[in-house]
Amino acid sequence: MIEKQLLFVCLGNICRSPGAEAVMRGKVEKSGLSRQIICDSAGIIGFHSGSPADARMQRHAGKRGYKLTSISRQVKPATDFDRFDMIIGMDDQNIVDLNALARTDADRKKIFRMTDFCTQIKYNHVPDPYYGEGDGFELVLDLLEDACSGLIKYLEKP
Ligand code: 4NP
């Protein structure tokens, strides 16, 4: 497989996309693909820039063996669309916002929806857990684990 660089995007880059980055990295390592699949994450807004992932997300992900190490940053359209092969949003608004940031049709072709890679759970978005209870974080992780498994299969296809 030729190297692929993936950028996971949500609104704040403190809950869903750092979770996606950690889950994907964990699965990539288990699959022996760490040199081929490179993961990063970013937020549509820069409000939490410089902050670590939300403590609740870190705790729930930690129980499943994922360590969240990323520091929040905002999407940088001028460099992110050039560097990354896939830019993967979590919900409808992320996709709308990413399309608004895209400069060209080539940029727009790099935009994907996380739940399109799910094979087990039928959901059309990864719901924002920020204002909710612990169950929301567990659902996010269930969706991310399902989607990341599907994403690896997608990337492994010749
Ligand atoms: P995330 O969750 O997009 O999954 O990181 C959120 C984090 C912060 C805010 C909204 C969603 N916020 O409005 O500050």
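Is Cys148 buried or exposed, and what is its relative accessible area?

Author: Cys148 is buried, at 0% relative accessible area; buried means under 20%, exposed over 50% and partly exposed in between, with a 1.4 Å probe and protein chains only. The model is predicted, so local features need pLDDT of at least 70 and side-chain atom pairs pLDDT 80 or more, while totals for chains, interfaces and linings use all residues. Residues are numbered from 1 along each chain as its sequence is written, and side-chain values use heavy atoms, leaving out hydrogens and water.

Zero disulfides (pairs of cysteine sulfur atoms within 2.5 Å) turn up in a search of the whole structure. Cys148 is in none, as the nearest cysteine sulfur, that of Cys39, is 7.6 Å away. For Cys15 the closest cysteine sulfur belongs to Cys10, and at 6.9 Å it is too far for a bond. Cys15 also counts as buried, at 5% relative accessibility.

Cys10 and Cys15 lead on to the ligand, since both belong to the residues around it, together with Leu11, Gly12, Asn13, Ile14, Arg16, His48, Asp128, Tyr130 and Tyr131; the criterion is a heavy atom within 4 Å. This shell divides into six nonpolar, three polar and two charged residues, with Cys and Tyr counted as nonpolar and Gly as polar.

A backbone N or O atom lies 3.0 Å away in Ile14 and 3.3 Å away in Asn13. From Asp128, a polar side-chain atom lies 3.3 Å from a ligand oxygen. The protein buries 92% of the 350 Å² that the ligand exposes when taken alone, by the Shrake-Rupley method with a 1.4 Å probe.

How values were computed. Polar contact = N/O pair within 3.5 Å; in protein donor to acceptor, adjacent residues only side chain to side chain.
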